[in-house]
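Please load the structure in your viewer and keep the selection panel open. The stops below are meant to be taken in order.

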Amino acid sequence: MRPFWIEQALFNDGDLAPALQGAQRADVCIVGGGFTGLWTAIQAKQRNPALDIAILESDLCGSGASGRNGGCLLTWSAKFFTLRRLFGEAEAIRLVKASEAAVQHIADFCRTHGIDAELRQDGTLYTATSQAQVGTLDPVMKGLEDCGIHSYRTLPPDEVARRSGSARNLAGVYSPIAATVHPGKLVRGLRRVALRMGVRIYERSPMTDFSAGHPTVVRTPGGTLEAPKLVLAMNAWMAGALPQFERSIAIVSSDMVITEKCPELLRATGLTDGVSVLDSRTFVYYYRTTADGRLMLGKGGNTFAWGGRIAPVFDQRSPYEADLKRALDDFFPSLRHVPVTASWNGPSDRSVTGFPFFGKLDGAPHIYYGFGYSGNGVGPTYMGGQILSSLLLDEDNAWTRSPLLQGPLGLFPPEPIRYIGSIVVRDAIRRKEAAEDRDTRPWMVDRLLSKFANAAGKADKADKA
């Protein structure tokens with residue numbers, strides 16, 4: 001089954017690129033035709049049009065995470081404390097500013113190249129849906145303000161309810177530096193631009209293996225591609241393809257539902273623009289409208305994979321569809337009778353830190369990688385393209401000097417500890433947040449276990465428990 005976004009995008013743009021056949025050569029081979037691979041190819045071609053770049057995609061461009069996310073184009077500003085702890089204040093400030101600039105870069109790129117990605121720059125709301133969540137974002141807001149990078153403003157409760165369309169949101173902060181986008185149309189639009197720039201794209205060409213020599217040779221079922229430089233941009237699929245990365249990410253689903261068109265009902269709620277709304281849970285509820293008058297709601301942290309394997313469930317309707325519909329009804333009682341058009345889920349590559357990491361594979365100077373976006377990749381993949389294209393072009397700049405290139409900054413425990421631990425922590429978070437929803441004090445053990453997943457949140461929060 002194709003997730004909703006990519007199915008819609010393919011309806012108007014379903015042309016297939018050829019599969020790789022025979023022995024081919026290129027200056028650069030990129031494995032992975034999603035946001036990271038496409039932004040890398042495009043940005044490298046922008047700076048060196050003569051570069052011969054070939055992309056190998058196992059299915060269709062955008063069929064992975066790039067075509068099945070929530071389409072919330074967010075920044076790293078709300079994770080400023082974690083960035084500062086990992087990389088120091090100066091780099092944290094630079095990365096926040098770069099993540100904010102990426103929103104405008106993507107919007108400008110779509111406008112310049114005629115990509116109708118339904119991109120709406122209406123900002124984002126981080127909200128509280130229980131008293132326990134109220135005020136938890138205050139410390140990071142103060143930290144951003146102290147460093148002069150504060151784009152947020154606290155809204156009165158009635159304005160939070162109005163802007164978010166739901167009285168369930170009790171408090172919140174708003175930043176104008178964010179957007180929502182149709183991710184399927186964006187990734188297929190990037191594919192069209194890459195092809196126009198002369199990038200060769202081979203779809204339905206999964207990498208079966210590759211040689212690490214120089215030049216590297218990548219093998220697929222139909223042929224080989226030899227290139228002096230190789231970029232591995234497979235995101236959640238990296239853990240299964242390369243054993244050295246098996247413990248660097250935890251693969252967990254993000255699950256979504258989307259309604260039938262109901263523009264009049266949405267207008268009646270007050271949710272009239274493209275703002276994205278995220279509550280302050282660890283595994284957040286997030287929702288946004290679409291340009292054609294639908295409402296999409298999602299939640300992460302549901303299905304966990306064993307041993308870095310991409311399970312069949314990730315390509316099916318969401319097993320949590322009923323739970324998501326109940327949550328949607330809680331947020332929007334007036335939409336209770338609006339049918340759900342589709343549900344889907346997909347694998348998210350959660351790193352230990354909650355941030356992507358990049359590097360040279362086993363120290364090889366000509367093989368690069370980047371993944372671990374941890375559920376926030378629509379905007380940061382543009383930054384991933386800046387990093388990987390800079391590496392390809394042997395540039396000396398702020399990206400090639402960034403500590404993001406240190407590789408994974410931590411490993412998850414081996415199996416079965418990782419899988420069992422993930423389920424134990426997930427269930428503790430569920431019990432803790434259910435207690436908070438009832439305005440009761442969570443069990444102490446659940447509060448302690450929940451701390452293990454602090455990096456999974458979309459924002460750094462103070463613990464009020």
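Predicted model: local features only at pLDDT ≥ 70, side-chain atom pairs only at ≥ 80, totals over all residues.

**Stop 1: helix H7**

Select residues 183-196, which make up helix H7. From the first C-alpha to the last, the 14 residues of H7 reach 20 Å, close to the 20 Å expected at 1.5 Å a residue. Colour H7 by burial next: 10 of its 14 residues are buried, so the helix is largely enclosed by the rest of the structure. Among the buried residues are Pro183, Leu186, Val187, Arg188, Arg191 and Val193.

What covers the buried residues of H7? Show helix H1 (4-12), helix H2 (35-47), helix H4 (89-113) and strand E9 (200-202), which are included in that cover. Then step just past the end of H7 to Gly198, where phi is positive, at about 100 degrees.

**Stop 2: the second largest pocket**

Select Glu57, Ser58, Asp59, Met234 and Trp237, the lining residues that lie nearest the centre of the second largest pocket. The lining has 30 residues in total, and the pocket volume is about 590 Å³. Strand E10 (209-211) and helix H8 (238-241) are the elements that give two or more residues to this lining. Colouring the lining by class gives 13 nonpolar, 11 polar and six charged residues.

**Stop 3: salt bridges**

How many salt bridges does a search of the whole structure find? The search finds 35.

Start with Lys142 and Asp146, whose side chains meet in a salt bridge at 3.0 Å, N to O. Both belong to helix H5 (residues 138-146), and being four residues apart they are separated by about one helical turn. In general, an α-helix has 3.6 residues a turn, so residues three or four places apart point the same way. Lys142 is partly exposed, with a relative accessible area of 46%, while Asp146 is exposed, at 54%.

Move on to Asp427, which meets Arg426 in a salt bridge of 3.1 Å, N to O. Is Arg426 buried or exposed? Arg426 is buried, with a relative accessible area of 10%, whereas Asp427 counts as partly exposed at 25%.

Asp427 and Arg430 both lie in helix H12 (residues 417-437), three residues apart, or about one turn of the helix. Arg430 counts as partly exposed, at 34% relative accessibility.

Arg188 and Arg191 bring you back to the buried residues of H7.

Terms used. Residues numbered from 1 in each chain as written. Heavy atoms only, no water. Expected span 1.5 Å × (residues − 1). Buried < 20%, exposed > 50% of the residue type's maximum accessible area, 1.4 Å probe, protein only. Contact = heavy atoms within 4.5 Å. 1 Å grid on protein atoms, 1.4 Å probe; cavity = no way out; pocket = protein on both sides within 12 Å on 5 of 7 lines; lining within 4 Å. Points joined across faces, edges and corners; volume = space filled by probe spheres on them. Nonpolar A, V, L, I, M, F, W, Y, C, P; charged D, E, K, R; others polar. Salt bridge = Lys/Arg side-chain N within 4 Å of Asp/Glu carboxyl O.
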